[in-house]
Amino acid sequence: MMVIDEDFLGLSSKLNGEPSQHPVRIGGLESLNIDCGIDCGEKMVRARKLKSVEMPEDIKVLLFVLIATKDDTKKVYYRQKISTYMDRAEVIKTQLNKLKEDGKYHEQIKIAEDTTGFSYEKLFKPYLDQFVTEVWVEDPYIRHVHQLYNFLRFCELLLKGPCKVKTIHLLTSLDNNGGNLQQISGLEEIKQSLQSYGVTLEVNHSSSIHDREIRFNNGWMIKIGRGLDYFKKTQGRFSIGYCDFDLRQCHETTVDIFHIKYTKNS
């Protein structure tokens with residue numbers, strides 16, 4: 001027997017009103033709204049929005065609404081909507097897979113000065129799945145204390161799952177301005193800490209590195225103009241945004257996201 005809680009019944013009652021042009025706008029189902037998608041011949045819907053294609057929880061919600069609906073006319077209507085959304089999801093999924101296989105997928109995100117809401121979790125999590133076991137980070141500025149903390153936060157994100165990262169490769173430059181001992185000891189401490197979680201950190205240095213990019217062995221590659229160091233300093237240690245980086249203001253930068261068929265091993 002299916003138990004439907006009060007929140008769901010409230011949702012159902014709202015949906016049981018007269019059907020509108022867009023009667024169902026639940027969570028990620030907005031991602032499948034063709035207004036901004038492939039039916040218009042425009043840019044492919046962002047991969048972060050396409051996660052609802054891989055995880056059709058919203059379609060399940062709509063199925064529950066269908067079960068709770070008593071009106072036979074509305075049942076027919078919702079069945080048609082479910083079928084339409086599922087068909088659209090399959091089309092988008094096929095299109096995206098084709099772009100990924102051809103190595104042509106490209107998404108660009110522009111982070112404006114002083115904006116918030118761009119924590120590492122928000123930026124990277126849509127591209128982390130159970131197939132990610134190896135990560136390459138190329139960033140010349142993992143030197144100073146706050147940059148070491150940025151790298152540590154990124155490593156912590158990788159430990160949370162759903163990925164099962166076993167190896168992290170870091171290529172950075174060596175601080176030759178008197179801070180290399182702090183840099184080396186900080187990275188060594190991160191390395192030892194990761195080992196306790198079964199993750200190996202390999203650190204290499206380059207005097208000529210300039211580009212910043214992060215690659216996952218599931219094929220996703222993210223290039224950030226400022227690397228991991230795109231957060232601004234808060235006014236104080238007890239200011240909003242000091243702990244929660246979704247609330248931390250950002251420097252202006254551009255994020256380019258690609259999917260390549262074979263991840264470079266270097």
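At what angle do helix α6 and helix α7 pack? In this predicted model, local features require pLDDT of at least 70 and side-chain atom pairs count only at pLDDT 80 or more, while totals for chains, interfaces and linings use all residues. Residues are numbered from 1 along each chain as its sequence is written, and side-chain values use heavy atoms, without hydrogens and water.

Helix α6 (residues 145-159) packs against helix α7 (residues 180-195) at about 15°, and their axes lie 10 Å apart. Helices here are DSSP runs (H or I, at least four residues), and strands are runs of E of at least two, numbered from the N terminus. Axes are lines fitted to C-alpha atoms, for helices over the stretch in contact, with angles running from 0 to 180 degrees between N-to-C directions. The angle therefore makes α6 roughly parallel to α7, a term for angles under 35 degrees. On the α6 side, the contact (heavy atoms within 4.5 Å) involves Val145, Leu148, Phe151, Leu152, Cys155 and Leu159; α7 contributes Gln182, Gln183, Gly186, Leu187, Ile190 and Leu194.

A cavity is a set of points on a 1 Å grid over the protein atoms alone where a 1.4 Å probe fits but cannot get out; lining residues have an atom within 4 Å of a point. Volume is the space filled by probe spheres set on the points, which are joined across faces, edges and corners. The count comes to 1 cavity of 30 Å³ or more, and the largest cavity holds about 40 Å³. Its lining includes Glu138, Asp139, Arg212 and Gly227. Strands β5 (213-216) and β6 (220-224) each give two or more residues to this lining.

Conventions. Angles under 35 degrees count as roughly parallel, over 145 as roughly antiparallel, 65 to 115 as roughly perpendicular and the rest as oblique. On a 1 Å grid over the protein atoms alone, a cavity is a set of points where a 1.4 Å probe fits but cannot get out, and a pocket is an open set with protein on both sides within 12 Å along at least five of seven lines; lining residues have an atom within 4 Å of a point.
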